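Student: I am new to this structure. Could you walk me through the terms as we look?

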Amino acid sequence: MMQERMKGQSWLTQFGKSALRAKTYNKSDRPTDYILIEGEGGLVRRLGLFDLILLGIGASIGAGIFVVTGTVARDAGPGVTISFILAGAACVLNALCYAELSSRFPALVGGAYLYAYSAFNELTAFLVFGQLMLDYHIGAASIARSLAGYLVTVLELFPFIKDHMPKWLGSGGLELFGGFLSINFLAPILLIVLTLVLCQGVRESSIVNGIMTVMKIAIVLLVIISGAFEVDVSNWTPFAPNGFKEVVVGATVVFFAYVGFDAVANSAEECRKPKRDLPIGILVSLVACVALYIGVCLVLTGMVPYKSLGGDAPLAEAFSAKGLKFIVVLISVGAVAGLTTTLLVGLYVQSRLYLGLGRDGLLPSFFAKIHPKQRTPIHAQIWVGSVAGIMAALFNVKALSHILSVGTLTGYSVVSACVIMLRVKSDSQNHYGAFAKGFTKWHEALMCILGVACLAFASGLCYRFDAYFIYPVILAIMAILPATALHYRQEYAEPPGFSCPWTPLLPVASIFFNIFLFAQLHWEGWVRFLVVNTVAIIVYALYGQYHADPDLSASEDSSRYDKAPTVDDELPNASHA
């Protein structure tokens, strides 16, 4: 009995030590322009600044720009434009945090997972990965089904095809066993095609993304310009017919229309000049998306009265009412292009995250294998494509849309906190304060961040359940106290490269808004958050803690640091592939 208890204590002690391990890339003497090179070669740098901007826009602008603008305008009226401005401003807060961290870790794959690993610890990073990956897997399957539906819509523009497409090709699918299964063959075929493109190499996939994104932007601009000639300014009065609260509610809805700019941060190892281009790519792509959304909102609400906006395709209906049938066709084509790039970039990001965990040992090394010729994580790419393909082929994953965005908001909040924690000058220097004895400056900063998050969640709950208006306001004001403590009681080091302005106040505002939105999610999303964390902890306890190696300098015998290969620096084994 005593031996079993000692054994249990020993396991718990090992688990605790493993969970608190952290990466030390930014603490080593090695410059962050160096990355880990595996025996079969690393990723190749082929992405320029323009490629990164198109990557961010391609991930963010999907079919939603033609749909969500109109659906939110039904309640917010012309004030939907302000909704998109508010949501865009909130996303800029997150983008500035991502920009700093992408500049701090310019040559390393992993994104939010990597940042959490360096600023906090191994377990936190793995939990972030789990939340993000569920969003990505379900999102990819859902987008594939939507793409299949829009593609069928475009094909049905031809008279000889219309009304001859079977159900198992569209977005709905052929339902079996009372709807438990929903068979769709077109969605997995599309996923196979995009996976093959991504396996060919980052150059080929960036070309496809670039062509489709430019086409999408051209169609959106044509929609805006064509619609501008049909605008009746009287439709903009009243501007907020249902009050400012509906405008704010609209901002919480359209916030997720901007999600995708963070994909740029995951291309760090394939960017030619990551320290300079990653922050610019993140910010420029987001600002471009904000401008496009605002333009579509102004045109849509100016063309027709907001009360007449209805159906599943309000923008197409507005142009159809004006007799601009050719624009309706372009909207369908634009939706196909938008969903294609969103799906392509989503699959790309997933594979790079799996690559990062495979390298670190938190997942099997199978995911860390790089193809010697194509220079892509081919095993990880095939895995993410297969998971999405199976889900899209068998299930109507759109029904799970209400539990999405949990991972996105979790990742954004953690990234904002990472900016603060990596800058804190603790008694033992930054995150090493987590291992110091006693209550250090690092712990104090962490408690302040948790306090802001708790107050934001409480404020969001009050707002969601229509509590007296003063309650969420009071809670928001109370959040100023820990923010003030962070500002005046901590010393912050200037990061290398791009610096997020007004730290820690701007990251604190980002955390507050993200958690406030988290409180607005469906209650099943909260349950999903707890379930995924529980499963992730079990997986980590059974596998990750025994195989992870955060301090890669301790494994010089099996891996080494070297500069990331460029297009001109072919690795020796590539010529023998």
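**Cavities, pockets and helices**

Tutor: By class, the lining of the largest cavity divides into eight nonpolar, four polar and one charged residues. This is a predicted model, where local features need pLDDT of at least 70, side-chain atom pairs count only at pLDDT 80 or more, and totals for chains, interfaces and linings use all residues. Residues are numbered from 1 along each chain as its sequence is written, and side-chain values use heavy atoms, with hydrogens and water left out.

Student: What makes a residue nonpolar, polar or charged?

Tutor: Ala, Val, Leu, Ile, Met, Phe, Trp, Tyr, Cys and Pro count as nonpolar; Asp, Glu, Lys and Arg count as charged; the others, Gly among them, count as polar.

Student: What makes a space a cavity, and what makes it a pocket?

Tutor: The search uses a 1 Å grid over the protein atoms alone. In a cavity, a 1.4 Å probe fits at the points but cannot get out. A pocket is an open set with protein on both sides within 12 Å along at least five of seven lines. Lining residues have an atom within 4 Å of a point. Five cavities of 30 Å³ or more are found in the whole structure.

Student: What is the volume of the largest cavity, and which residues lie nearest its centre?

Tutor: Its volume is about 120 Å³. Of its 13 lining residues, Leu-55, Ser-205, Ser-206, Asn-209 and Tyr-348 lie nearest the centre. Helix α8 gives the largest share of the lining, five residues.

Student: And what lines the second largest pocket?

Tutor: Its lining has 17 nonpolar, six polar and no charged residues. The pocket's volume is about 640 Å³. Among the residues closest to its centre are Thr-410 and Phe-529. The largest share of the lining, seven residues, comes from α15.

Student: How do you know that the span of α14 agrees with its length?

Tutor: A helix here is a DSSP run (H or I, at least four residues), while a strand is E, at least two, and both are numbered from the N terminus. The expected span is 1.5 Å times one less than the number of residues. The 18 residues of α14 should therefore span 26 Å, and its end C-alpha atoms are 26 Å apart, so the two agree.

Student: Why is Gly-295 called buried?

Tutor: Buried means under 20% relative accessible area, exposed over 50%, and partly exposed in between (1.4 Å probe, protein chains only). Gly-295 has 13%, so it is buried. Gly-295 sits in helix α10 (residues 274–303). In α14, 18 of 18 residues are buried.

Terms used:
Points joined across faces, edges and corners; volume = space filled by probe spheres on them.
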